[in-house]
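Please open the structure in a viewer and keep the sequence at hand.

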Amino acid sequence: MRRFNVTGVCVPEKHYMVDISEKLTKIKAMVDYGDYFTINRARQYGKTTTLSLLRTTLKDEYVVASISFEGLGDKTFASASNFCETFMKLIQRALEFADVSAEYRERWYNSDVDDFDALGFHITEMCKDKKFVLMIDEVDKTSDNRTYLHFLGMLRDKYLKREQNMDITFHSVILAGVYDIKNIKLKMITEGAITTEATENRLYNSPWNIAADFDVDLSFSSAEIATMLAQYDADKASNMDISLIADELYRVTSGYPYLVSRICKHIDEKLEKNWTLAGIQEAVQFVLFEKSTLFDDMTKNLENNKNLYDFIYNLLFIGKEYEYNTDDPVIELGSMYGFIKSGDRRRAKVTNTIFETRMYNYFVSKNATSSKRITGVLQNDVLNGGRFDMELCLKKFAAHYSEIFSERDADFIEREGRLLFLSYLKPLINGQGFYHIESQFTDLRRMDIVVDFGSNQFILELKLWKGESEHSKAYDQLWGYLDHKGTDTGYLLTFDFRKGESKTPIAQWVEWNGKQIFDVMV
């Protein structure tokens with residue numbers, strides 16, 4: 001019986017899987033051409049599964065050896081001799097599952113090969129009359145990247161000579177990992193393996209600059225997600241609306257493979273197979289609060305890189321716009337980790353709703369010890385008959401805000417207003433609800449928050465005061481969003497930073513074109 005899988009490689013006979021045949025066709029075309037290339041994608045992005053399916057696709061036309069650097073100890077990379085020995089043994093073991101003779105497989109290990117020059121000659125001998133495809137997974141798991149870079153340099157030299165009909169080598173080489181070669185060097189600097197004394201050219205000169213561009217999108221489209229749901233529906237007769245569920249899964253995950261499968265697994269195994277929009281919402285809540293390697297890595301990577309930390313913070317809380325330009329090292333790094341992508345007008349945006357909310361929660365949690373935050377309000381203080389009362393929640397926020405902050409805090413609030421409110425809101429909904437941010441805003445002026453608490457949903461917009469005319473536009477914007485969501489009630493929180501004005505906090509219901517808006521100004 002098949003199930004949804006979120007650990008290790010996916011197997012068609014055992015797991016519900018997205019049909020990625022079109023992606024495999026594109027990758028095979030690169031192999032057929034004889035390309036050497038790297039599949040660099042974020043953690044848990046389906047790289048290993050893609051390589052496994054590609055091996056099956058290629059095995060009738062090529063000799064394919066698929067190996068991994070996962071779990072190799074320090075000894076393997078301590079010297080060229082050790083590396084060569086391990087590499088040959090890995091190839092030998094991989095060929096047990098290829099259509100080659102036992103004699104050919106045994107010849108892959110040669111005890112006389114103890115450096116990269118000798119390994120290069122050995123590869124030539126073993127690739128004569130063979131169209132040999134080498135795949136190496138987890139290439140960034142090496143314990144000493146210098147040895148690995150020397151190995152790549154040898155492969156590069158042989159490739160260039162092959163193109164001039166001066167050598168015989170692997171027909172195609174495919175590397176898979178999170179880091180590309182340039183960033184492996186940056187990783188080495190971070191870990192202290194090499195110093196920054198190297199010149200800029202030496203630092204970025206890559207032994208893998210022969211690599212062809214790998215432009216195949218490994219994320220899942222809505223149509224591709226539907227192929228997995230169709231498999232499940234055929235087995236379980238779930239009677240789900242496949243198109244509707246696939247579209248919603250794509251909307252909240254942007255097709256990130258792990259997140260798609262994780263949500264489906266929760267619905268199938270924990271939520272009584274509730275294949276509805278409400279079921280997806282509940283499964284997303286599980287994902288937002290569970291521990292996982294993916295989110296542990298997210299936290300670690302933000303903590304360990306101040307520039308990336310500041311970039312994500314400015315993007316989310318300050319509303320700052322950045323051009324999506326991977327020549328910028330910070331954007332390149334954020335893209336490599338799968339945190340950001342290109343959005344409208346080629347502006348950088350967080351990859352998906354789940355990542356965005358986890359990042360908001362991360363920054364809000366770090367703000368928990370700040371003295372400049374509103375405390376003392378408990379969840380019971382904003383419940384009315386067990387139902388979350390957003391009107392009461394905003395009134396209490398306004399009251400405490402006026403007690404704590406003054407005009408001299410205006411610059412602080414203008415920068416930190418979003419963080420301040422979310423830091424106030426999060427403990428009030430934890431346990432029974434969650435929020436997510438609708439990425440409608442393009443600058444500091446607007447932020448849409450959707451709060452789900454039990455079976456109720458609240459639409460809230462945060463704004464800065466920009467005058468009466470702009471405030472009326474805020475009503476129109478919120479009205480449009482409410483109409484899109486199919487609800488008649490919304491909430492507007494406006495921060496007013498006019499100095500020297502006699503300002504009275506406002507908290508009132510306003511009817512706007514047939515919809516009710518609770519307007520709060522602080």
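**First stop: His-122**

Select His-122, which belongs to helix H5 (residues 116–127). Helices (H or I, at least four residues) and strands (E, at least two) are DSSP runs, numbered from the N terminus. The model is a predicted one, in which local features need pLDDT of at least 70 and side-chain atom pairs count only at pLDDT 80 or more, while totals for chains, interfaces and linings use all residues. Residues are numbered from 1 along each chain as its sequence is written, and side-chain values use heavy atoms, with hydrogens and water left out.

His-122 counts as buried because its relative accessibility is 8%; buried means under 20% relative accessible area, exposed over 50% and partly exposed in between (1.4 Å probe, protein chains only). Display its surroundings next: not counting residues up to four places away in sequence, His-122 touches Met-88, Arg-107, Trp-108, Tyr-109, Asn-110 and Val-113. Contact here means heavy atoms within 4.5 Å.

**The whole chain**

Of its 522 residues, 53% are buried. Among contacts between residues at least 6 apart in sequence, 70% join residues at least 24 apart.

**The aromatic cluster**

Select Phe-69, Phe-77, Phe-83, Phe-87, Phe-116, Tyr-148 and Phe-151, which form one aromatic cluster. Rings of Phe, Tyr and Trp (its six-membered ring) pair if their centres lie within 6.5 Å; planes under 30 degrees apart count as stacked, over 60 as edge-to-face and the rest as tilted. The structure holds 46 such pairs. One of them joins Phe-87 and Phe-151, a tilted pair at 5.0 Å centre to centre with 55 degrees between the planes. Phe-87 lies in helix H3 (residues 80–94) and Phe-151 in helix H6 (residues 145–163), so this pair ties together parts that are 64 residues apart in sequence. Phe-87 is buried, at 1% relative accessible area, and Phe-151 is buried at 0%.

Move to Phe-77, in the loop between strand E2 (63–68) and H3. Phe-77 is buried, with a relative accessible area of 0%.

**The nonpolar cores**

A nonpolar core is a set of buried Ala, Val, Leu, Ile, Met, Phe, Trp, Tyr and Cys residues joined through side-chain atoms within 4.5 Å. In the largest core, of 120 residues, select Ile-263, Phe-388, Phe-421, Leu-422, Tyr-435 and Ile-449, which touch the most other members. Helix H18 (residues 410–429) supplies the largest share of this core, 8 residues. Centre on Tyr-435: leaving aside neighbours within four places in sequence, its contacts include Thr-357, Tyr-360, Val-364, Leu-422, Leu-425, Ile-429 and Ile-449. A second, separate core has 41 residues, among them Met-88, Phe-116, Leu-134 and Ile-136.

Select helix H9 (residues 222–236). The end C-alpha atoms of H9 are 21 Å apart, in agreement with the 21 Å that its 15 residues should span at 1.5 Å a residue; the expected span is 1.5 Å times one less than the number of residues. Its buried residues are Ser-222, Glu-224, Ile-225, Ala-226, Met-228, Leu-229 and Tyr-232. Helix H1 (21–33), helix H10 (242–253) and helix H11 (257–269) are among the elements covering them.

Step on to Ala-237, in the loop between H9 and H10. Its phi is near 50 degrees, a positive value in a residue other than glycine. Most residues other than glycine have a negative phi. Ala-237 is exposed, with 63% relative accessibility. Glu-272, in the loop between H11 and helix H12 (277–289), has a phi near 55 degrees and is exposed at 78% relative accessibility.

**Last selections**

Which residue lies over the face of Tyr-104? Lys-130 does, at 4.7 Å from the ring centre. Lys-270 lies over the face of Phe-286, at 5.3 Å from the ring centre. A charge sits over a ring if NZ of Lys or CZ of Arg is within 6 Å of the ring centre and within 35 degrees of the ring normal.

Finally, select His-15, in the segment before H1. His-15 is buried at 7% relative accessibility, and its contacts include Arg-2, Cys-10 and Gln-231.
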